[in-house]
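My entries follow the display.

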Amino acid sequence: MSTEKIDNNRIAKNTVYLYFRTILIMLITLYTSRVILNALGVEDFGIYNAVGGVISMFAVLTGALSAAVSRFITYELGKNGHDEFRLKTIFSACLNNQLFLGVCILVLGETLGLWFLNYKMNIPPDRMIAANWVLQCSLLSFIINLLCVPFNATIIAHEHMNAYAVVSILDAALKLAICYLLTISFLDKLAFYAVLHVLVAAIIQITYVFYCRHQFRECKYVKVRDKNLTKQMFSFAGFSFLNNSAAVLNTHGLNILINVFFGVVFNAARGIASQVEGAIMQLVNNVTVAVNPQITKSYASGNNERVYMLVCRGTKYSYFLMMLFAVPVFFETNFILTIWLKIVPDYAVLFLRLSLIGAMIKMLGYTGYTACMATGNIKEYSIWITVVGILAFPLTWLVFKLGAPAEAAYYVFIVVYIAVEIIRLLLMKKMLNFPPMMFVKEVLFRIIIVTPFVVVLPILCVSCMEEGWGRLLSILAASTLSSLLFVFLFGLSRSEKTFVISSVKSKCSSFK
């Protein structure tokens, strides 16, 4: 069996592991969100999402350094005859960086974070004590996750996605335990919920550390003597920080802006929309998480043609998978939220629909981002993506000052990220010699053709049927069948169609 075929099989196997993990997490998240919203109430639920967003602003550092260590370890593994001692050095250098940054963020959180919460945020006075508990617990959870970044990045670099599936069982059990304890507690439910989240974060991360220490030999600390490596990783992480800062400001930053201009009820609506969008995105991101290490390893081995192919296919498959889940949710948002939550915050329906559109645009750049990160030379990429992407935050602030409604944040986000994806494609051409017309032909052209065909039947169902279970099931069936049909007819290349047909024939013959 060829190396490329083995790698493709690994991608498929890891995708299955990740789907098992994500389906479990998604089901538990949807259930627990309903219980937590009803237990906390709309106001406290909005406070948790708003205050947690303050600490999540610092989470950009976690994403930046995770990308750095994952890229360096994956790149080393992709080289022929990788050096085990160098892997240990990379891992240890990242641990040093995380410890230093953890101290810095703790200081920022206890100064800037406390000031912003107590003097700038729109929180009811009688809930300020509970809100401060949320801030402290969110900060502690963040520090725990920050220190464990090297371990999580190592699992991804080695493509041991089955570990995530196993730990997800523990994570699911702990989240159910939170729901139970929250419903029977006589303590302040918001503060108690924040404390329980810290405990869950600690248990999950300790489990990952234990797994890595016993599975990967490089997860042993050694004294770092290579100052050039440390400098290189800091440089990479610094530019990755710039790139990620736009994403954080455009999510958690906008959450804070909505709080300042409109209050915690709107934060509750945005929190619900974000959770549903996140559940769908977790399911879809399995494709990119499984593909990303192969993109980096293919670049390290000099196989650029495979990099191009993985970028296009990863993006295309992710979009079609997102469409499969997003279309029924988009057309039946009100009914789904009503049967799920019972208490549906105002604006949650509109926010969720707009967030799904924004997510489908943003996800077009996920595999391209990984390919650019694989080069290691990301200075120009990070500057351009940050400069354009970060515009969503000040533009949203401007339109809010001019009197625009809360949903304007989503419209600004969609416009800005269309510009971001165009610029990313041009940067890929320069950095990777990536042919933009290949992306246009194999990805954009195909999704532009497929999408209108897929939504026709759901639109007919909405116009001809009353809201209820019958219409929901009809839309599910119609969107699924039309997605499968039109993706096969117009979304796949000739070679991909041949592969699908041969695979179906093989499976059918195995049942005879």
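**Notebook entries**

I located Trp-397 in helix H15, residues 392-401 (helices are DSSP runs of H or I, at least four residues, numbered from the N terminus). I noted that the model is predicted, that local features need pLDDT of at least 70 and side-chain atom pairs pLDDT 80 or more, while totals for chains, interfaces and linings use all residues. Residues are numbered from 1 along each chain as its sequence is written, and side-chain values use heavy atoms, without hydrogens and water.

I recorded Trp-397 as partly exposed because its relative accessibility is 41% (buried is under 20% relative accessible area, exposed over 50%, partly exposed in between, with a 1.4 Å probe and protein chains only).

I next looked up Glu-332, which sits in the loop between helix H10 (304-331) and helix H11 (333-341). Glu-332 counts as buried, because its relative accessibility is 1%. Leaving aside residues up to four places away in sequence, I found Glu-332 touching Glu-467, Arg-471, Leu-472 and Ile-475 (contact means heavy atoms within 4.5 Å).

I then turned to the largest nonpolar core, which has 87 residues (a core is a set of buried Ala, Val, Leu, Ile, Met, Phe, Trp, Tyr and Cys residues joined through side-chain atoms within 4.5 Å). Helix H7 (residues 189-215) gives the most to this core, with 10 residues. A second, separate core of 42 residues includes Ile-90 and Phe-413.

Lastly, I checked Asn-433, in the loop between helix H16 (408-432) and helix H17 (436-464). Asn-433 is not a glycine, yet has a positive phi of about 60 degrees. Asn-433 is exposed, with a relative accessible area of 61%.

Methods. Helices (H or I, at least four residues) and strands (E, at least two) are DSSP runs, numbered from the N terminus.
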